[in-house]
Amino acid sequence: MSNYHIKHLEEYFQVYRKSVRNPELFWSEIAEEHFLWRKKWDNVLDWDFSKPEVKWFDGAKLNITENCIDRHLYVRGDKTAILFEPNNPEEAAEHITYNQLHERVCKFANVLKTKGVKKGDRVCIYLPMIPELAISVLACARIGAIHSVIFAGFSATALATRVNDCEAKMIITSDGSYRGSKTIDLKGIVDEAVEQCPGVESVLVAKRINTDVKMKSGRDEWLQPLLDKADANCIPEVMDAEDPLFILYTSGSTGKPKGMMHTTGGYMVYTAFTFKNVFQYREDDIYWCTADIGWITGHSYIVYGPLANGATTVMFEGVPSYPDYGRFWDIVQKHKITQFYTAPTAIRALAKENLDYVTKYDLSSLKVLGTVGEPINEEAWHWYNDHVGQKDCPIVDTWWQTETGGILISPIPFATPTKPTYATLPMPGIQPTLMDESGNEIIGNQVEGRLCIKFPWPSIARTIWGDHNRYRDTYFSAFKNKYFTGDGALRDEVGYYRITGRVDDVIIVSGHNLGTAPIEDAINEHPAVAESAIVGFPHDIKGNALYGFVILKETGESRDRDNLSKEVNQQITERIGPIAKLDKIQFVPGLPKTRSGKIMRRILRKIASNDTSDLGDISTLLNPEIVEEIIDELAFVTPVKK
Ligand code: WTA
């Protein structure tokens with residue numbers, strides 16, 4: 001018997017030891033017993049972190065949608081696979097059974113085929129959280145096309161950059177989207193983007209908000225009439241375990257976004273295994289992850305992980321504050337949610353509101369609570385535990401990344417004793433280690449260092465699309481033979497891990513990873529700006545907010561600073577999206593730089609956090625006097641007006 005479902009702590013330690021002693025045996029047993037393969041693998045694992053190259057289940061053949069849909073049809077065809085909760089609570093929820101999901105995915109897959117999409121082609125999906133999003137993802141996987149979902153909050157420029165980077169020939173979108181009381185013109189954004197995307201041949205448009213949109217003939221088509229005509233059966237493309245499944249973009253500290261490429265077999269096995277254990281999923285559960293499928297959390301723990309286990313997975317179109325701050329809890333009560341998985345930023349935002357928004361709902365169906373995306377502070381953890389979990393639901397603080405594909409460090413509920421702010425222990429097969437700055441492994445407990453992983457796991461990203469050198473440089477060059485996460489962590493006296501945050505120039509704002517360089521590039525394009533530097537500063541809801549230090553080309557008071565600040569944010573909104581807007585902007589005469597011309601962000605971070613008592617050694621600066629000048633102006637910096 002494989003160790004697919006861990007139920008108590010001793011079992012966890014046993015399984016963990018086995019997974020480390022013999023990873024190949026461990027993962028091959030799980031893969032063999034719990035999934036449908038058209039052909040078994042020749043090799044469980046080939047790896048070499050110096051190249052870097054990782055292959056799991058090489059030679060095996062499968063289709064992930066057969067595992068996520070077809071194999072459930074006999075046993076649970078009428079069970080709800082996707083439970084769609086619309087933005088407007090008055091609109092009825094939609095229960096899509098496994099049988100219906102099968103039909104809708106097959107039809108969609110056939111539409112893709114008739115539009116000329118073939119195995120290996122890239123398809124970009126720019127959709128709100130409506131069923132078509134999950135269905136189009138699965139339809140791509142059905143025919144072996146590589147999906148690249150782009151979060152529908154990104155701007156036209158950001159969309160175009162990603163579409164061009166992966167050379168997608170098709171974009172799937174909708175006329176628009178609902179977001180609380182607002183609507184967003186998604187099709188308009190796509191039109192603007194496609195002007196810069198010569199490789200895009202077709203745009204499929206789902207109807208959601210029923211607005212009049214411009215359809216360009218020969219390029220744009222409404223989805224529904226095509227689906228109506230499509231055949232309800234589509235034979236799944238037989239894929240190699242190492243064939244690409246998707247590309248998902250994430251921000252790097254420098255340069256353009258990184259298209260993390262995930263492959264099929266290992267990703268499926270790992271996300272399914274971790275879903276089962278981290279959420280202690282049982283057949284009748286109703287599981288809800290509030291993430292957007294535009295991020296990795298949605299890929300792995302709304303779509304693939306839950307469906308591979310035959311679960312009911314909720315997709316929520318709206319926002320936590322609409323029609324009021326009780327919406328999440330209203331949904332928990334309405335659908336009797338058993339596992340609820342969200343981000344610390346949402347918890348903090350809701351904890352600020354009146355407690356009545358929580359207490360008036362019956363949350364007794366909940367069994368497990370999860371958090372992901374950034375460190376959860378102690379106060380938010382307790383609020384979540386006391387008021388949502390009513391001290392009766394273990395909180396799984398799950399640490400992982402777009403690059404890792406699945407959860408790497410997390411408690412296993414009812415087995416691992418939880419500890420506020422700690423992600424606790426590694427999943428089976430995961431070998432974390434802490435490194436010091438000179439590249440030595442830090443042994444023992446009660447230590448802090450840079451978090452690395454020593455051994456491959458099945459769902460590690462295989463490359464950055466089109467740039468394998470960057471993949472190597474970013475993740476495998478800082479520490480020899482180790483995957484470097486970019487995060488700092490500490491290990492307590494019992495070996496529990498606590499993630500302390502990024503150690504590079506990525507800033508996590510409301511759970512979204514933002515690289516400083518692309519934002520600075522966007523600001524520097526403003527005609528009045530000479531140079532800029534972005535740092536994060538603590539924010540009680542967003543976790544971090546952005547603070548921009550901006551040098552203008554012409555100094556003097558000739559320009560209205562308030563207006564200029566608004567223009568800078570406008571510029572960022574156009575280049576990246578509203579999620580990257582700055583909370584504060586300080587116009588400065590210069591930036592603290594080292595003699596080699598590097599901006600000393602350490603100092604700027606302290607200034608932005610209003611913590612100027614101990615700036616450390618600034619004598620190595622080229623221009624130490626600038627620090628005082630910046631601090632003197634600090635009192636006059638106000639938040640950027642909307
Ligand atoms: C951070 C999200 C602390 C971390 C799945 C990581 C966390 C980055 C946690 C990846 C957590 C994620 N505690 N920090 N439980 N989960 N992070 O790629 O800095 O959007 O490197 O993947 O989020 O973000 P990404």
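I looked up Leu 101 and found that it touches Ile 69, Ala 81, Ile 82, Ile 96, Ile 135, Leu 138 and Leu 307, leaving out residues up to four places away in sequence. Contact here means heavy atoms within 4.5 Å.

The model is predicted: local features need pLDDT of at least 70, side-chain atom pairs count only at pLDDT 80 or more, and totals for chains, interfaces and linings use all residues. Residues are numbered from 1 along each chain as its sequence is written, and side-chain values use heavy atoms, without hydrogens and water.

Next I checked the cores. The largest nonpolar core has 124 residues, and Leu 101 is among those with the most contacts inside it, as are Trp 37 and Phe 57. A core is a set of buried Ala, Val, Leu, Ile, Met, Phe, Trp, Tyr and Cys residues joined through side-chain atoms within 4.5 Å; buried means under 20% relative accessible area (1.4 Å probe, protein chains only).
I noted a second, separate core of 48 residues, which includes Ile 146, Ala 156, Cys 197 and Ala 528.

Then I turned to Val 149. Is Val 149 buried or exposed? Val 149 counts as buried because its relative accessibility is 3%. Beyond four places in sequence, its contacts include Ile 125, Leu 133 and His 299.

Technical notes:
Buried means under 20% relative accessible area, exposed over 50%, partly exposed in between (1.4 Å probe, protein chains only).
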